[in-house]
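Biologist: I have a structure on my screen and would like to learn how to read it. Where do we begin?

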Amino acid sequence: LYRRLGELDAFQAMASVRRGMRQCCRPEFVQQPDYFSAAAMGHPMLKGAVCNDITIDGKNVVLTGSNMSGKSTFLRTIGLNVILAQTFYMAMAKQYRASFFNVLSSISPSDDMMEGRSYYMAEAEALLRMVNMVDEERYSLLLIDEIFRGTNPTERVAAASSLLTYLSEHQCLVIVATHDIEITENVKDHYDQYHFSENVTKDSLSFDYLLKPGVLKKPNGIRILEYLGYPEEITERALADVHFQQSEGEENEDV
């Protein structure tokens, strides 16, 4: 009797979740091990969530974009919908068609002062768990946010590029977010590129949270500082340094 009551309670809870979703579909699972496709997919816990389409067919994905533009939320959107599809046979999307995955993530790992573990150590351990899972019989879906951001830029680009290339050669589908354009360039043969962007001026800041193809061409981190009211001396000097570095990079490419 207790078991039956528990089942009824679980069914009622899931029916309530489905009813509360703006849209809900029944997923379709495919035999191809490295396939994911969703139409108008949204975050099931956000009111008024912006929905996006994406199809990943055998090639991994790298996301770029400024902070708050939607990268982390998009990773969580995919992870939550995959878990809902594989457990309760529902997804917040108009259409969901995908492989059946092991789901692993490295999103906002935290340091532990009591154990003396740094942010970087926590992140490195989470990524190592992924490395140790990718040769299992079932494909893994790996969701990685701001890869290796706990270390310096030179080592971050080198370590991230090497790890992402390694993962692309094993049984997994990787969706990774990064601010480092150098990483996207290093792994472009194995990863499709998408980005989120925003509209920012000195007087306004707005995000559309829509997924777009390609790499973010015009980062707006310094423009956001202008919007927040940082002294012009700081932002103008920073912009001048960015333009100088970009011009040097273009000259080196020409050479």
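This is a predicted model: local features need pLDDT of at least 70, side-chain atom pairs count only at pLDDT 80 or more; totals for chains, interfaces and linings use all residues.

Biologist: What is the order of the six strands in the open sheet?

Modeller: The order is β6-β7-β8-β4-β9-β12, and the pairing is mixed. The edge strands are β6 (102-106) and β12 (212-213), each pairing on one side only.

Biologist: Which strands of this sheet does α2 touch?

Modeller: Helix α2 packs on the sheet and touches β4, β6, β7 and β8. The direction of α2 makes about 155 degrees with that of β7. Another helix, α3 (residues 119-133), lies across β6 and β7. Helix α3 runs at about 160 degrees to β6.

Biologist: Next, the nonpolar core. Which residues touch the most other members of the largest one?

Modeller: A core is read through buried side chains in contact with one another. The largest nonpolar core has 28 residues, and F36, L63, I78 and I175 touch the most other members. Several elements give two or more residues, among them β2 (35-41), β4 (60-64), α2 (71-88) and β8 (172-177). Helix α2 gives the most, with five residues.

Biologist: What is I78 in contact with, leaving aside its neighbours within four places in sequence?

Modeller: F36, M41, L141, L143 and I175. Apart from this core lies another, of 20 residues, including L167, V174, V176 and Y191.

Biologist: How many aromatic pairs does a search of the whole structure find?

Modeller: Six. To read one, check the ring centres and the angle between the planes. For F36 and Y96, the centres are 5.5 Å apart and the planes stand at 90 degrees, so the pair is edge-to-face.

Biologist: Why does this pair tie together parts that are apart in sequence?

Modeller: Because F36 lies in strand β2 and Y96 in strand β5, the pair ties together parts 60 residues apart in sequence. F29, F36, Y96 and F100 form one aromatic cluster.

Biologist: Is F36 buried or exposed, and on what value?

Modeller: Buried, because its relative accessible area is 1% and the cut-off for buried is under 20%. Y96 also counts as buried, at 2% relative accessibility.

Biologist: And D189: buried or exposed?

Modeller: D189 counts as exposed because its relative accessibility is 63%, and exposed means over 50%. D189 lies in the loop between α5 (181-186) and β9 (191-195).

Biologist: How many residues separate D189 and T165 in sequence?

Modeller: They are 24 residues apart in sequence. In space, D189 and T165 are 9.2 Å apart, C-alpha to C-alpha.

Key:
Residues are numbered from 1 along each chain as its sequence is written. Side-chain values use heavy atoms; hydrogens and water are left out. A nonpolar core is a set of buried Ala, Val, Leu, Ile, Met, Phe, Trp, Tyr and Cys residues joined through side-chain atoms within 4.5 Å. Buried means under 20% relative accessible area, exposed over 50%, partly exposed in between (1.4 Å probe, protein chains only). Helices (H or I, at least four residues) and strands (E, at least two) are DSSP runs, numbered from the N terminus. Contact means heavy atoms within 4.5 Å. Two strands pair if DSSP finds at least two bridges between them. Axes are lines fitted to C-alpha atoms, for helices over the stretch in contact, and angles run from 0 to 180 degrees between N-to-C directions. Rings of Phe, Tyr and Trp (its six-membered ring) pair if their centres lie within 6.5 Å; planes under 30 degrees apart count as stacked, over 60 as edge-to-face and the rest as tilted.
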